[in-house]
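Keep the model open while reading.

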Amino acid sequence: MAILKLFVSAFIFFLVVCCPDPGFAFNAGTWKTAQTIQPFFYDRFTGAGQNVKVFSFTNPADQKTALMAGNLDICGTTIAHAIHSAALGQPVVVVAALCNKCSAFVVAADSPVQSPADLKGKKIGYVPGTMHEILLRETLIRSGLSPDREVALTRVDFFDMGLALARGGIDAFVSGEPFPTIAVIKGYGRILSYPYYGESIGTINAGMLVTRNSIEKDHGLVLEMVRAHARATRLLKQHRQLWLAKASEFGTPMKILEGAADNMELAWDMDPDFVEKARALGGRMQVLGLIERQPDYSRLFDLSFVDQIRAEIKD
């Protein structure tokens, strides 16, 4: 009887672990935001009967932790976080873009500030260590201001920036959508500028991350995932209402999403210029002390998947 029980247990283990659900495709992680929405549409572009399990997170670090633990097959990441991870020697690879743009510099609606150069002596809300801090500092330096001496950089959580601006606790903030648009539509904020500089960092923002081991051990799965990502991105870019209607299910009103949409660019493709912009971003991160050394960008970014899919998809 003991031998029979052992045999049955082994057989069940084989069925569950060695023969996974034939309807399963892969596990994906992302944020529940309009600009990172594509994974919620992946299962439209996988094989018949296959399902993609999508897990939502609030930050890129937790997504990467789940990826490294093997709980996710692919996940979202900011490019800044990917650079930070690779600089620490972690075996992560960006295989596709996720979104571009999405940031804005906001001042009070009645502020006398008309350009970033007018911010001298002002209190500016930001979240340290983020892409937004880098864009904030880039904007100030380009405007002839020292971020450390001529303005007061004030740590404020993204969710609290609007209230702080409305109450006069800060004079400006740099944040990602939809917070800038919320400030405008609710009447207490005004867009001062969009901090994108084509000859340096440009509009790059986030990408899709896998482990190097997954590329080496299951190249076909990675290609399938990037293909689903590319097709979901194309679908949503061609059907804005479908995109925004799904995004509104995450809790942001449609009016806000419609106002923010032009500052949110869904993306999948990458090219050598994308990598050069990431390299420029990494340089600024090192100057700020966010990383101690530069990663190997030729290993951090693998363009082969998007190159193959670009050849498959004809616009």
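Ala104 stands opposite Ser175 in strand β8, strands being DSSP runs of E with at least two residues and helices DSSP runs of H or I with at least four, both numbered from the N terminus. This is a predicted model, in which local features need pLDDT of at least 70 and side-chain atom pairs count only at pLDDT 80 or more, while totals for chains, interfaces and linings use all residues. Residues are numbered from 1 along each chain as its sequence is written, and side-chain values use heavy atoms, without hydrogens and water.

Strand β5 (residues 103-108) runs antiparallel to β8 over five bridges; two strands pair if DSSP finds at least two bridges between them. With β6 (residues 123-126), β8 pairs in the parallel sense over two bridges, and Ile124 has Ala172 as its bridge partner there.

Because five of the five residues of β8 (residues 172-176) are buried, the strand is largely enclosed by the rest of the structure. Buried means under 20% relative accessible area, exposed over 50%, and partly exposed in between (1.4 Å probe, protein chains only). Ala172, Val174 and Gly176 point one way, and Phe173 and Ser175 the other.

Helix α3 (residues 79-87) is mostly covered, with eight of its nine residues buried. Just after α3, Gly89 has a positive phi of about 90 degrees.

A nonpolar core is a set of buried Ala, Val, Leu, Ile, Met, Phe, Trp, Tyr and Cys residues joined through side-chain atoms within 4.5 Å. The largest has 74 residues, and Phe26 and Ile83 are among those touching the most other members. Helix α8 (residues 219-238) gives the most to this core, ten residues.
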